[in-house]
Amino acid sequence: MPQEQNVPSLMVAVVGAGPSGYYAAETLAKLKAPGEIAIDILDRLPTPYGLIRAGVAPDHQSIKNVSARYEKTNALEHVRFVGNLSLGSDVTLSDLMDLYDAVILATGAGKDRMLGLQHEDLPGIYGSAQFVGWYNAHPDYKDLEPNLNVSSVAVIGNGNVALDVARVLAKTAEEMAGSDLAAHAEAPIHSSPVRDIHILGRRGPMDASFTPKELTEMTKLVNAESVIDATTLPAGDDGLSTVQIKNLKAYRQMRDSAAPDRLKPLRVHLHSYRRPVAFIGDGALDAIRVEKTRLTEGRVAGTGEMLDIPVGLAVTCIGYKSAPLEDVPYDRRHGHFSNEEGLIRPRLYCTGWARRGPTGTIGTNKPDAADVSNRILAEVTPSGKPGRTGLDALATERGLKLVTFRDWKKIEALEEERAEGDHPRAKLADIDAMLEAVDTDTAS
Ligand code: NAP
C-alpha cells in the first residue's frame, strides 16, 4: 500500500534553481516536519543548478559535485523542480504571490557590470557573464561567437573569474579533456593563436581577491607561463593574512620560474596597479589603454602614466549585478534587490547574490538560506494558497511546457550519452534541443 503523505499547509516558491535557491529549499524543508511544507523551485531554463552548470569553470568538475546534494533536495517530500518557467514572461510576480504563501527570489546576479569606458561597445569586448556563459553552453550566450583569432587578450579584474577565463583560454585541449567545455567553444579556443593574456588589476598583487588554489593553478599550466612583475611583491610575509601568504607563495613561484629557458609559448601577464581607461579601435578592438595607479589611503588613484596594450579581445571580470524585476525595489548602487536581511516586503524574500551581491563561494549561500528560512517560518502564516496545483493549472491555461526533475534527468542522460572521450557530458546549449530530449521516449 502506498504510504500516506502529509498534506502540506505552507506553499513556497523559490525562483532560481541555482545554489542559493537549492540551499534555501533544503533548509526550509528540513526545518518543518516532513511534508508540512511544499516548495516549488522554479527556473527559466529547463536545467537546474544555475552557476554550478553555467558559471563554475568547465575544468573544475569537482566543484560541480555539490549538485549531488541538490539532487537529494529534489527527493525531499513535496519539493519539486519546475523548469522552463520564466518569471516576467510566463508568470508575473503577482501570479506567484497569489499562488504561494511566500516567494523567495534566488535569481542570482546574471548581468555584467560595465566599466563605463569609451568604446566599451566595440566588437571584441565581453563581460564575463557573456563570455563564461558562452564557453559553459548557457543558452543565452551560445551564439556569442567571440573572435579568438587574435594574438593578445585582456582580462580585466583580479578575482577568481578573471583566473577562470585566463586559464580556460590558456589550457590545452589535453588539459581540458575531463572538462565539460561547450562543444562550440572547443575549436575556437584550442585553435586560437593567442600568445599573451593580460590580467589587469587596479591594485597590488596582495590586494587581489584570487584564492590560493586558483592562483597556484596558474603556475601549473602546460603551455602557459604566468608572469609577474617581481618589484610589486612584498619582500616578506609580515602583516599578511593566511590567504595572502599562500598567494604570495604562488606569485614567487611565477617569479622564480620565469627564467628564459623555461618560457612556454603562451604568457599570462599578471599586471598590478593598472586600470583600464579606454578601449581603442575603429570598428573592432585594437588595444586597451591602461593607466598606472597607486594606492592612496587604500584607494586607487591614477598617476597619469598611460600604456596602450594591443589586444583583439577583452573580457571584463569586474563583478555582476542582478537583473531588476518589475515591482521589486532595486539597489542600483550594489546591483541587487533592496532588502532587509532577506526580506523585500511581506511574503517576498531574496537570498544569495540577489540578496547580497556577487560575493563569496557556493557555501556562502548557506547562512543566507538559514536566515530566509527562519524568517519565513516566523513571519508567514499559511493561508490556503493553492501552491503547485494552482501553478499547474495556470501553466495548462497558458500553454506552458513545464520541465520536471524527471525531464531534466532525460536531458542529463542525453548529455552524458553524447560525451566523447573523457568529457563527463556534452552540454546542450539550445533550449529547443533540451525540450526535444524531454519529449523523446527513452524507454523504447
Ligand atoms: P571579485 O572577486 O569581486 O573580483 C572583481 C575584480 O574586479 C576585483 O579585482 C575588482 O578590483 C575588479 N574591479 C571592479 N571594478 C573595476 C573597475 N572599474 N576597474 C578595474 N577593476 C575593477 O569578483 P569575481 O571574480 O567576478 O567573482 C565573483 C565571486 O565568485 C567571488 O566571490 C569569487 O571568489 C567567486 N568565484 C569563486 C571561484 C572559485 O572558488 N573557484 C571561481 C569564480 C568565482 P577591486 O578589488 O580593486 O575592487
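This short talk goes through the cores, the ligand site and a few single residues of one predicted model.

Some conventions to start. Local features need pLDDT of at least 70, and side-chain atom pairs count only at pLDDT 80 or more, while totals for chains, interfaces and linings use all residues. Residues are numbered from 1 along each chain as its sequence is written, and side-chain values use heavy atoms, with hydrogens and water left out.

I begin with the cores. By nonpolar core I mean a set of buried Ala, Val, Leu, Ile, Met, Phe, Trp, Tyr and Cys residues joined through side-chain atoms within 4.5 Å. Buried is under 20% relative accessible area, exposed is over 50%, and partly exposed is in between, with a 1.4 Å probe and protein chains only. The largest core has 48 residues, and within it F131 and Y135 touch the most other members. The element that gives the most to this core is helix α7, residues 160-170, with seven residues. Helices (H or I, at least four residues) and strands (E, at least two) are DSSP runs, numbered from the N terminus.

Now Y135 itself. Contact here means heavy atoms within 4.5 Å. Leaving out neighbours within four places in sequence, Y135 contacts P58, D164, V165, V168, L181, A182, A185 and I189. Another core, of 38 residues, lies apart from the largest one, and V14, Y22, V66 and V79 are among its members. As background, nonpolar side chains in soluble globular proteins tend to be buried together.

Next, the ligand. It is surrounded by 20 residues, the closest being N158, R202, R203, E214 and G360; a residue is in this shell if one of its heavy atoms lies within 4 Å of the ligand. The shell divides into seven nonpolar, eight polar and five charged residues. In that count, Ala, Val, Leu, Ile, Met, Phe, Trp, Tyr, Cys and Pro are nonpolar, Asp, Glu, Lys and Arg are charged, and the others, Gly among them, are polar.

At E214, a side-chain N or O atom is 3.0 Å from a ligand nitrogen. At G360, a backbone N or O atom is 2.8 Å from a ligand oxygen. The ligand taken alone exposes 910 Å², and the protein buries 78% of that; the areas come from the Shrake-Rupley method with a 1.4 Å probe, and for residues only the protein chains shown count as cover.

Strand β12, residues 287-296, contains T296, which counts as partly exposed because its relative accessibility is 41%. E291 is also in β12, and counts as buried because its relative accessible area is 8%. Beyond its sequence neighbours within four places, E291 contacts Y273, R274, R275, V277, G302, T303, G304, E305 and M306.

Y49 has a phi of about 85 degrees and lies in the loop between β2 (37-42) and α2 (50-54). E297 has a phi of about 50 degrees and lies in the loop between β12 and β13 (299-310). Buried or exposed? Y49 is buried, at 5% relative accessible area, whereas E297 is exposed, at 81% relative accessibility.

Definitions and conventions. Polar contact = N/O pair within 3.5 Å; in protein donor to acceptor, adjacent residues only side chain to side chain.
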